[in-house]
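Hello,

Here is the structure I promised to pass on. My notes follow below it.

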Amino acid sequence: MNFKKTLAFCLSAMLLGSASYLNVFADDVKNETKEYDYVAIGDSISAGFGLAGLADLAKDPALILNEELLNSPVANAYPAVFGTYLDELAKSKGYTSTATNLSLTAYRALDIAKVIKEAKSKGEIATMIFENFVGEGSSKVLEDYNKFYMEYLTKAELVSIQLGGNDIVMAAIEPMIYSENPILRGTAVSMMLTLFGEDLKTSVGGGLQVIEQNKDKITAASFKEAEEYFKSINNNSEQLVINATENVKNVIAAVKEVNPDADIAVIGMFNPYDTSFDYKAELAKAEKAAGALINEVIKQKLAE
């Protein structure tokens, strides 16, 4: 096993929770340049969104990939953590190493495959978020991403890929965001806020605000439409996973086109929820608040 293969193995092992595998060193080092470059590709999880400890998530450094973030990455994100181990391993074999985190918050595997292949390509979901919540034209900052990918992928010995979750979740959320149905759109807003790290009270409140602002448009048919939509998502859940898997495969293929010699480690998804948090109690509160608002809407409709 050469040094290159050992690092790929170590990354996979460490992310499975066993850093002890870092003690497995190669005896035969064949990379004459004595340099080793690791690049991480992923979504907000590997970007480290929310790990900076900021109250204002709009100012989170992991929201936008730029030169500043590349030079000073989020320290608690796993690519940076692994980069520290990698550096120790490299030094023990007389190497120098670099760890570059190219992960993109709010990006799907579908988007990243395009970013790798197309100059100035922007993720559709990220573009929507910037244009609607930051301001018209603000998504232009996303156009530099292809440049960063070309610069760092071409010289990488190891590439980790952690993607697919956003492909599944956003396949369900995106149609709801653009729906004329206030119930679906309000639910989508709550889900989006949750994905971006807001607490449950704020997330549910954001969705209820959408419903409150559009309560005159709510009819019995609105509830029926929402029910049917959620049923369709449940019935098509397996296909959503299949589609996400294909999108991840396309990212792997795109990386290989840019750098056919790089080792690729595909990282599975994990459960990000804090198990100490009493979700049942909080959800009960949210359901009570939602029920009160819905009852008020129905009373107003009956009074008309």
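**Second largest pocket**

Helix 6 (124-134) and helix 9 (182-195) each give at least two residues to the lining of the second largest pocket. Helices here are DSSP runs (H or I, at least four residues), numbered from the N terminus. This is a predicted model: local features need pLDDT of at least 70 and side-chain atom pairs pLDDT 80 or more, while totals for chains, interfaces and linings use all residues. Numbering starts from 1 along each chain as its sequence is written, and side-chain values use heavy atoms, without hydrogens or water.

The pocket's volume is about 630 Å³. A pocket is an open set of points on a 1 Å grid over the protein atoms alone where a 1.4 Å probe fits, with protein on both sides within 12 Å along at least five of seven lines; lining residues have an atom within 4 Å of a point. Volume is the space filled by probe spheres set on the points, joined across faces, edges and corners. The lining has 19 residues, with Ile 129, Phe 133, Met 192, Leu 193 and Phe 196 nearest the centre.

**Asn 181**

Asn 181 sits in the loop between helix 8 (165-177) and helix 9. Asn 181 is buried, at 4% relative accessible area (buried means under 20%, exposed over 50%, partly exposed in between; 1.4 Å probe, protein chains only). Beyond four places in sequence, Asn 181 touches Ser 222, Glu 225 and Ala 226 (contact: heavy atoms within 4.5 Å). Its side chain makes a polar contact with that of Glu 225, at 2.9 Å. A polar contact pairs N or O atoms within 3.5 Å; within protein, one must be able to donate a hydrogen and the other to accept it, and residues adjacent in sequence count only if both atoms are side-chain atoms.

Best wishes
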